[in-house]
Amino acid sequence: MKQRLLIILLIVAVMLSGCSAGLSDINESAESGSDVQEKTETPSPTQEPIIGDVGNDVVASGGWIYYRAEDEEGYSLYRMDEDGSQTEKLMTGFPSLMAVDGDIMYYIGTYDPNGSDEENCKLYRVDLSTGSKTLMMEDMSPLSLYLAGDSLYFADNMPYQTEDRDLFRLDISAALSAGVGNLEFMLNAGATVRIGAQSPDVAQNPLYWDGWLYYVTRSGEFDDWSIRRIRLDGSEDEPFYKQSGLDFVELRGVYDDQLFFTSGDAVTLYALSEESELTEYPEITGVCAFDGEWAYSAEDDSGVYRCSLENPEKELLAADRGFTAIAGDCLLTWQLEEESFQYFRYVMPKSGGEETALTGHYVEPTAEQTPTPEYTEKTVGEGDVTLEISSNDTLACYKLVSCAEGNPVVQSVVTDPYTDLTLKFDSGTYYLKVAYGDEWLGDEEAFGENGRYITTEMYIFNPGFVYKLSTSSYSGDFSSDTMSGFVGN
């Protein structure tokens, strides 16, 4: 099963608005004293709904870029000018999917890695002028969210139908009046309706284009992909495009009267006309985002690139970076610091140029590192066997005892902390006894009753071999011993 990359994020900003009021035709008689003829009004064309700007973790709207960032207080919603300036914090929160219309934002919160589950799977309404937020709905999958007119559209699994995927329309005013509840509550209150879409890919937003919501469908086994469309009221749900071998489809936006999408393991770019005529761009692959002019891609975290429809040759925009999103005139990137395993986020002009650290991005202070101690090297004895041992932060005594009659002690060496000891001795069968402690009391008491003592069973040391034995635990070749056992009493 193909999994989607978490660090790959999509911004879809489609502003379609138009209003053409029908003008009354008023014909007046030119003759004096004649009556004014009856007014005849031509029908007004259907007004296009206001489509919100939507995005995942970051969205551009009204000249601002809204994004989530981690600061000293946790996760918060920030905004900055489309050129990356005038940054300000609006509120604390964990917004993931966001939809904005003017001064109002709707967002679904996701799990907070800090451990707080406060906003997980909850829908909020935010007044961006004040930063105040209102909880609207609970137990909502943070997978898709789309704002069209006075309604929010989202794909979800019914709480009691976990295998089925459906598309829903939430009436915003009705939901605010109904009170807070889950999907089933909103359905019973009449604030939400299932609009009958067939097996939508719940991890994608639908997309509005000329009176239709376009959405991607797939089977539960991630095959049998297609693009369908449905009216905003849920009527006329119909197939739009399907082709054998079309898989892992993701809508990328509407530009120049074409619906752009990517498909396949290579994430190749395609376009569809309103008549479902397909245009392929086989050389444009690895697409992370498309803004109508440029297709953006990233090769792991080694660099962010772009190319145009006319010229598929990739142009490097940011080296040693991963792709986050395009928003407004900006490109947001990330970099992983391997030593601290922390992500650093940056913003730069999407045409390329100087980058700056993303304001509000908080990096956990690096703990003071204890300098690695320098080890002292100590070599004792002669023979055809080499035994290498390293001690840590305590005193240690190493005693090599022969298994011959009477168990004579061949070598006994006391070392300071952080000492690399090399013992040289003749091949044969031996016991290796080790003692640790804070104060050496002599051969008769070693480190006393509070010391730590371990010993091997009989161990055969072969000539010409170099042995490295770990004495950091009682496991392996070592077992627990006592002070009496160590000193030979």
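## Basis of the model

The structure is a predicted model, in which local features need pLDDT of at least 70 and side-chain atom pairs count only at pLDDT 80 or more, while totals for chains, interfaces and linings use all residues. Residues are numbered from 1 along each chain as its sequence is written, and side-chain values use heavy atoms, with hydrogens and water left out.

## The chain overall

The chain has 3 helices and 42 strands, where helices (H or I, at least four residues) and strands (E, at least two) are DSSP runs numbered from the N terminus. Of its 489 residues, 44% are buried, a word that here stands for under 20% relative accessible area with a 1.4 Å probe, counting protein chains only.

## Residue S151

S151 lies in strand β14, which covers residues 151-158, and with a relative accessibility of 10% S151 counts as buried. When neighbours within four places in sequence are left aside, S151 is in contact with Y146, R169, L170, D171 and I172.

## A sheet of four strands

An open sheet is formed by 4 strands in the order β21-β22-β23-β24, with antiparallel pairing; two strands pair if DSSP finds at least two bridges between them. Its edge strands, β21 (250-255) and β24 (278-281), each pair on one side only.

Within this sheet, strand β23 (residues 268-272) pairs with β24 in the antiparallel sense over 4 bridges, and L272 stands opposite L278 in β24.

How values were computed: Buried < 20%, exposed > 50% of the residue type's maximum accessible area, 1.4 Å probe, protein only. Contact = heavy atoms within 4.5 Å.
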